[in-house]
Amino acid sequence: MKIVVACDKYKGSLSAVEVCNIIKSAIVDADKRMEVAIKPMADGGEGTVETMVESLGGKMVAVPVRGPLGKEVMAQYGIIGDGTAVIEMSSASGIALMEKSSLNPMETTTYGTGQLIDNALQKGCSRIIIGIGGSATNDGGMGMAQALGVKFYSRKGQQLGFGGKQLIQIERIDMSGLNPKIRETVIEVACDVDNPLTGPQGAAYIYAPQKGATPEMVKELDQGLKKMARAVKKDIGMDIDQVKGAGAAGGLGAGLAAFLGAILKPGTDIIMEAIGLRQSLEGASLVITGEGAMDRQTFFGKSAYGVARTAREAGVPVITINGSVLTSRKEVESGKASLFDGNFSIINRPMDLAQAIKDSRELVYDAATELIEFFLSIYNYKKNST
């Protein structure tokens, strides 16, 4: 029997690779004849680089870059064996790099993210996967593009600087200085929100307030993104305003698509393709997935839902083993909940979070052991009764 284990991390406790290996150990200890394929998962957000590098045998690269407010920070990205770079924009331009009192999307820039992309190009990477969650920015990817040679000009012909406050002045975009290696590179953006660039559901109105924007700033940033969109349409010939995902990471989704020709895709789909999940399902009898906390968000783009959807398409049953299960089948649409054949928590007695984290390895192992032994008993019963 073949079982595929494709779990995400338990945030603050276990990495995706650790969760998958613990479950594999439990399965093999229950029956050493079992074939277990582990496919550690991520959704393009925090932990994606670590997961892919660790599971696919890559390496980490450290690069000094311009942080969100211009101060140098040491950012990291990963390179995996086939010449693919995996970047988390939050490593260079993330909100976690800033003090809460310093948050200001009028000033913050994605320039450092562009520097990471440039470094990956210098190292010969021909494919780049970019996760764009956790940004501190609302510059439409302007800074990222500037780091790669794109120039932005005002009505008076002045070259513009950095930060969201510059957007409102954009009149012309000069793409002639763009790093030529971009045209030879496949760039995929792990994007798990579908917000447009501007308007009431756009980058500024939905996300800028949590990055320090006042109501007045929000209005100006939205107008600035509209200004950028008009310039992109005029000078590049692309209409980016209402593209799904364009508003992700303060409009970085739009900027990556417009300036670099990137493809915006659900993060889970990109990761599943990169690790070969679909191919691993051939001949499988069961898929085990899960995450730190299964809740309503799971059913809207998280990795466990993506794994379940793919497994169901292949006709393979799916169960989840999670740190906690904070939802019930009644709380989600039946069509989505029915992708899972069972959702289980590792918590087997009353305990606080600190205790659960401390005992996480033992709890995961025990839960996996109970479930696999139950699964095998049912499987063998059905096999013997036919």
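Mentor: Let us begin with a definition: rings of Phe, Tyr and Trp (its six-membered ring) pair if their centres lie within 6.5 Å; planes under 30 degrees apart count as stacked, over 60 as edge-to-face and the rest as tilted. The structure holds two aromatic pairs. This is a predicted model, in which local features need pLDDT of at least 70 and side-chain atom pairs count only at pLDDT 80 or more, while totals for chains, interfaces and linings use all residues. Residues are numbered from 1 along each chain as its sequence is written, and side-chain values use heavy atoms, with hydrogens and water left out.

Trainee: What makes Y111 and F162 an aromatic pair that is edge-to-face?

Mentor: The ring centres of Y111 and F162 are 5.0 Å apart, with 65° between the planes.

Trainee: Why is Y111 called buried, and why is F162 called partly exposed?

Mentor: Buried means under 20% relative accessible area, exposed over 50%, and partly exposed in between (1.4 Å probe, protein chains only). Y111 has 18% relative accessibility and therefore counts as buried. F162, at 30%, therefore counts as partly exposed.

Trainee: Why is the pair of F152 and F259 called edge-to-face?

Mentor: The ring centres of F152 and F259 are 5.5 Å apart and their planes stand at 85°, so this pair is edge-to-face. F152 lies in strand β7 and F259 in helix α8 (residues 248-260), so the pair ties together parts 107 residues apart in sequence. F152 counts as buried because its relative accessibility is 1%, and F259 is buried because its relative accessible area is 2%.

Trainee: What lies over the face of Y111?

Mentor: R66 lies over that face, at 4.7 Å from the ring centre. A charge sits over a ring if NZ of Lys or CZ of Arg is within 6 Å of the ring centre and within 35 degrees of the ring normal. Likewise, R172 lies over the face of Y153, at 4.3 Å from the ring centre.

Trainee: How do you know that α4 reaches close to its expected span?

Mentor: The expected span of a helix is 1.5 Å times one less than its number of residues. Helix α4 (residues 111-122) has twelve residues, and its first and last C-alpha atoms are 17 Å apart, close to the expected 16 Å.

Trainee: What makes α4 mostly covered, and how many residues of α8 are buried?

Mentor: In α4, ten of the twelve residues are buried, including G112, L116 and D118. In α8, 13 of 13 residues are buried. Just after α4, G124 takes a positive phi of about 85°; just after α8, G261 takes one of about 70°.

Trainee: Why are α2 and α9 called roughly parallel to each other?

Mentor: The axes of helix α2 (residues 48-56) and helix α9 (residues 267-275) come within 11 Å and cross at roughly 10°. Axes are lines fitted to C-alpha atoms, for helices over the stretch in contact, and angles run from 0 to 180 degrees between N-to-C directions. Angles under 35 degrees count as roughly parallel, over 145 as roughly antiparallel, 65 to 115 as roughly perpendicular and the rest as oblique. The two helices are therefore roughly parallel. T48, M52 and L56 in α2 meet I271, A274 and I275 in α9, where contact means heavy atoms within 4.5 Å.

Trainee: Why does S15 count as buried?

Mentor: S15 has a relative accessible area of 13%, and is therefore buried. S15 lies in the loop between β1 (2-7) and α1 (16-30). Leaving aside neighbours within four places in sequence, S15 is in contact with K9, E50 and E54.

Notes: Helix = DSSP H or I, 4+ residues; strand = E, 2+ residues; numbered from the N terminus.
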